[in-house]
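Hi everyone, thanks for having me today. Let me put the structure on the screen, and then we can walk through it together.

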Amino acid sequence: MKANHLLLQNVIDINPRTGIIKLHDKRMGLISVEALGILRNDLINTLGKERAKGFLMRYGWACGKRAAESLNEKYTWESTEELILAGPVMHMLEGIVTVETDILEIRGNHLYLTGYWKNSFEVANHIAENNMRNESICWTLIGYASGYLTETFGEPVVVYEKYCRGKGDAECYFIAETAKHCDEKYLIDQRYYQNESLQAVLEDVYSEIEQLNENIIEAEEVQNQLTELFLEDRDINDITSAISNVLRRSIVIDHYDEVYSSHFQSSEDEESYKKLKASKVVTNQQDGLFFESFLIKSNKVILGNLVVMGKQKLNHKEEMIIKRSLMVFTIQMYHQRKMTESLWNKREDFFDELLTNKVMDEKALSRQAALFGFNIDEPHRILVIKVIPPKMKERVLRFLTNKYPSFDLFLKDEYIIIITAETEEWDIGELPGNLMNDIEIQLPDAILHIGSGRQIDSIDKLRESYIDAKRICDFVQLTYPLSSRHATYKDFEGVMMFLKGTDHQELLHFYMNTIGSLVKYDEDNSGSLLITLKCYLDNNGNLQQTADDLHLSIAGLRYRIERIESLSDIDLKTGSGRFNGQLATRIYFGLKVMGN
């Protein structure tokens, strides 16, 4: 017998009187492929994809195995090859799929068979449901081919789809190979052929549903507990502690390098978190602990990051609790953010009125000052900070707000404004340097230019300190654009008074005669000779210090100095020459800052 001799009229017997259909003396039933599609979809929806896949592959295996047994009993085959090829023919006679074999090789106990499946009922149903996947979906066909070939060849045979229309490929192409010769990655599907009763499957599903329901109830209870804490106006730290104790895991809420709230189950967890942050390395595991992060955001605005630490990864129940908790954290942090923004806006308006000398009666001034804890009777001084790049301004402000909670800080135009009271706690002369060092450690990518204004003993003179600080800040930026620097009113008091009390035309004439050629050279050639001159004079002619500040070699610096002397009316070897150069550069930058 040959495979191509199998004809439907020879193998099927239909009795119209009894309605019985037999194929090779075995009773059959005609079932529409639409009904099979409905069954398939119901199995997926009821059991889940994995269990439905196993059920359909075992069903196909049983059909293929019985077809092989029937064909082997009914006919005498010329060869094993013909019996194997009869399987695809039988599959087509049953109306399941059109099979075109491609390669058939048998070498001893090694079988290798490939071919195309066309008109697959599973693919037709799958595409009709618009349910494209990234994996093969002809599960019944795979099971049928595996069962048939295993039965006929006498060795376990693995069948898999290399291409499948159900995952977007142009055609369905299958490969069958004896298990002992097959790549290990395709053996994983063998688990689906293990016997598993439908009752056992349903019991497992029911057990999973029960567990899921318990997890949902517990997660809701935790959410209700946290909501009650929020409604009681409890602090965010109380909510963090509550969720930490429920999970028995350490919890941290942070944003960039700022920690909003935390509760550690042990000091070791706290040290591991600090070590992770200090390393600046993004990782999910360190020191035997797992770090899992969840964004806290509202209206696409990121409010923070919830970090959960533990010796094992979060299980499904814990993830549900965390996701319910995120809702409470989001509401509380968003509410807190709005309240803070409202308060900050009022603070900024109040201080803006002070700095612009807007008319405010004494009672209103005292009332608003008391509201913001601002003592108008103390001596004050203003610091102005300009941040480069500007996008880091918000982060610098956030850091300073947490580091120095007693300061009055706010944003005005492109500057960060700090209003400080002269107290024993702070040495105002050292404060700008301390601020700069703190920020350089925490935010090393930021360049800061800090100006400190004069001390004022009357609130109506606050604007004068502000104008001084802003001019000094601009002066520092102009003269040292590439490095963080700070200066105080004391450093510039003489120059400021000089600039205010002298005819600017005379000053302009002096600096133009002294360094005008340098200014024009720098403007025409995008040069930096003027900056070099100022840095050299500020360092009292110290070549090494000047070279270090400007990132130059000594030879390169000497060349620039020679160029400066040749272009300007300055002899840097004499005291008077250096004095004229110092005065001229200060006049130039001072007038530039003042907008003249």
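Let's start with two residues, Tyr75 and Trp77, which are both buried. Please keep in mind that this is a predicted model. Tyr75 and Trp77 also form an aromatic pair, with 5.7 Å from centre to centre and 75 degrees between the planes, an edge-to-face arrangement.

How are the rings of Tyr163 and Tyr173 arranged? Their planes stand at 50 degrees and their centres are 6.4 Å apart, so this pair is tilted. Tyr163 belongs to strand S6, residues 157-163, and Tyr173 to strand S7, residues 172-178, so the pair links distant parts of the chain, 10 residues apart. The cut-off for buried is under 20%.

One more ring before we move on: the charged end of Arg40 sits over the ring of Trp139, 4.3 Å from its centre.

Now let's step back to the whole chain. The chain has 596 residues, and 43% of them count as buried. Its secondary structure comes to 20 helices and 17 strands. If we take contacts between residues at least 6 apart in sequence, 61% join residues at least 24 apart.

Next, the inside. In soluble globular proteins, nonpolar side chains tend to be buried together. Which residues touch the most other members of the largest nonpolar core? Here they are Leu71, Trp117, Cys138, Tyr148, Leu149 and Val159, out of 43 residues in that core. Among the elements that give two or more residues to this core are helix H3 (49-74), strand S5 (110-118) and helix H6 (139-153). The largest share, eight residues, comes from H6. Apart from this core lies another one, of 24 residues, including Leu226, Ile239 and Leu303.

Let's zoom in on Cys138. Leaving out residues up to four places away in sequence, Cys138 touches Trp117, Ser120, Glu122, Val123, Glu161, Cys164 and Cys172.

I'd like to finish with two helices. An α-helix has 3.6 residues a turn, so residues three or four places apart point the same way. Take helix H9, residues 267-279. At 1.5 Å a residue, its 13 residues should span 18 Å, and the end C-alpha atoms are 18 Å apart, which agrees. The buried residues of H9 are Asp269, Ser272, Tyr273 and Leu276. These residues cover an arc of only 100 degrees around the axis, which puts them on the same side of H9. They pack against several strands, among them S8 (250-255), S9 (258-263) and S12 (301-310). After H9 comes Lys280, whose phi is positive, near 60 degrees.

The other is helix H12, residues 393-403, where Lys393, Val396, Leu397, Phe399 and Leu400 are buried. Looking down the axis of H12, we find its buried residues within an arc of 165 degrees, so they line one face of the helix. And what covers the buried residues of H12? The cover includes strands S13 (380-388), S14 (408-412) and S15 (415-421), along with helix H13 (431-442).

That's my tour, and I'm happy to take questions.

Terms used
Residues are numbered from 1 along each chain as its sequence is written. This is a predicted model: local features need pLDDT of at least 70, side-chain atom pairs count only at pLDDT 80 or more; totals for chains, interfaces and linings use all residues. Side-chain values use heavy atoms; hydrogens and water are left out. Rings of Phe, Tyr and Trp (its six-membered ring) pair if their centres lie within 6.5 Å; planes under 30 degrees apart count as stacked, over 60 as edge-to-face and the rest as tilted. Buried means under 20% relative accessible area, exposed over 50%, partly exposed in between (1.4 Å probe, protein chains only). Helices (H or I, at least four residues) and strands (E, at least two) are DSSP runs, numbered from the N terminus. A charge sits over a ring if NZ of Lys or CZ of Arg is within 6 Å of the ring centre and within 35 degrees of the ring normal. The expected span of a helix is 1.5 Å times one less than its number of residues. The arc is that of the directions from the helix axis to the C-beta atoms. Contact means heavy atoms within 4.5 Å. A nonpolar core is a set of buried Ala, Val, Leu, Ile, Met, Phe, Trp, Tyr and Cys residues joined through side-chain atoms within 4.5 Å.
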